[in-house]
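Work through the following exercises with the sequence and the model at hand, and try each task before reading its solution.

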Amino acid sequence: MYWAQSDNLPTSGIREILDIALQMPDVIRLETGEPNFPPDRAVIDAFHQAARSGHNRYTSSWGHPQLREALIDKIQRINHVQRAANEIVVTPGGSPGLLLAFLGILQPGDELLVPNPGWPDYLGGVYALHIQPISYPMPAPEFWPDLGQLQTLVTSKTRAIVVNFPGNPAGSIPPVKVIEELVAFARKHDLWIISDEVYDQIVFTDQVLSPAQIAPERTISVYSFSKTYAMTGWRLGYVTAPWPYSESLYRVAMGLWSSVSEPLQYAGLAALNTGGEGIQARLEHYRRRRQLAWELLQSYDIPCHLPDGAFYVLVDISSMQMHSRDFALKLLEHEHVAVAPGSTFGTETRNFVRISLASSEEDLSRGLTALAQVLATGYKFSTTTLG
Ligand code: PLP
């Protein structure tokens, strides 16, 4: 019987560590980017209220009109971009939003520029759709795109570039000039910009300039409630695209998920209406944890990269002269600390591991101390039995 080759799809190194960590007792979990906070009370109440008062039906594949009206305001206020209601499609999370963008504008055989380092899950959707990912370097220490290199990667098949600021895993926010150059590059080669903005409200330094502010006509922005509102398990996001291209995204959404859960969309509306304080409070926690990580690693003389936004710190493990996957597996086995191997994000982070500031302060401090002691002493692990 015919079977599509999904076995060949790349798997995420974060998931590999997570799956092993879940089988072990007493693991300090620093590998996953998942806020350790509950959603705001008003969001939970709004979901219950919506379900009790009969909002349990299909909605339009565009999303609920009231939610889209509130999103027009959010996108203008926070992202400084004007979008009309018919340029917004509500999605079951940021990942499906990315898939919608890929399906809406790309065809099998097209080439898509993806960041290195970048979120590994881009590749699952890209390969499944028979799109060719072409990785473009964002080298340390800044982790900004190398525009000279980008120019050399364009071919007649290149259709789009994925950008992610602040991003996963480096959390860098390039200066305005770099974003302007990126947009000029996209214009020159007539490329779509798929701007992954799921961390748009988790920012420690200057606000990010969204490419959609400069080039709304060629930017598809992907947003999510997961990180900003601590709603990872709820699965709610949205995509913006210029009309009439937005209509083809709407058609794809219709075919993929028909519509997003109605009570969930009411919860999203409540999050937008009441979220300000909660967002600030969580941001303060992340800021404190960022400082905690910095001071702790400094005290052991361990080099690291601090984020401008999102909630990840890259810890330099080059002193161990080990593959970061092996290192992560051994750290898990010997110290019961789970971290994400830098290699899973691309070659530019192969000498790092990523730790998440979305874990509790206690876990962060215990896990980082164990990690720092291993690095500071050059501890030699015995052969691993994991992985
Ligand atoms: N984009 C990036 C860079 C991410 O790190 C994530 C999740 O970790 C997502 C998109 C997808 O988030 P979600 O599907 O939960 O909205």
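How many residues of domain 1 are in contact with how many residues of domain 2?

**Basis.** The model is predicted, so that local features need pLDDT of at least 70 and side-chain atom pairs count only at pLDDT 80 or more, while totals for chains, interfaces and linings use all residues. Residues are numbered from 1 along each chain as its sequence is written, and side-chain values use heavy atoms, with hydrogens and water left out.

**Exercise 1.** Describe the interface between the two domains.

*Solution.* Begin with the bounds, which come from an automatic or database domain assignment: domain 1 covers 6-39 + 276-376 and domain 2 covers 56-274. Their centres, taken over C-alpha atoms, are 25 Å apart. Next, count contacts (heavy atoms within 4.5 Å): 34 residues of domain 1 touch 41 residues of domain 2. The buried area, meaning the accessible area (1.4 Å probe) that two parts lose on being put together, summed over both, is about 2900 Å², and carbon and sulfur atoms give 62% of it. The interface has zero salt bridges, where such a bridge is a side-chain nitrogen of Lys or Arg within 4 Å of a carboxyl oxygen of Asp or Glu. It does have 18 residue pairs in polar contact, both residues being at pLDDT 80 or more; a polar contact is a pair of N or O atoms within 3.5 Å, where within protein one must be able to donate a hydrogen and the other to accept it, and residues adjacent in sequence count only if both atoms are side-chain atoms.

**Exercise 2.** Which elements give two or more residues to the side of domain 1 that touches domain 2?

*Solution.* Using DSSP runs numbered from the N terminus (helices H or I, at least four residues; strands E, at least two), the elements are helix 10, strand 10 (312-316) and strand 13 (352-356). Helix 10 gives the largest share, eight residues.

**Exercise 3.** Where is Pro 117 found, and what kind of peptide bond joins Asn 116 and Pro 117?

*Solution.* Pro 117 is in the loop between strand 3 (111-116) and helix 5 (122-128), and the bond is cis, with omega about 10 degrees.
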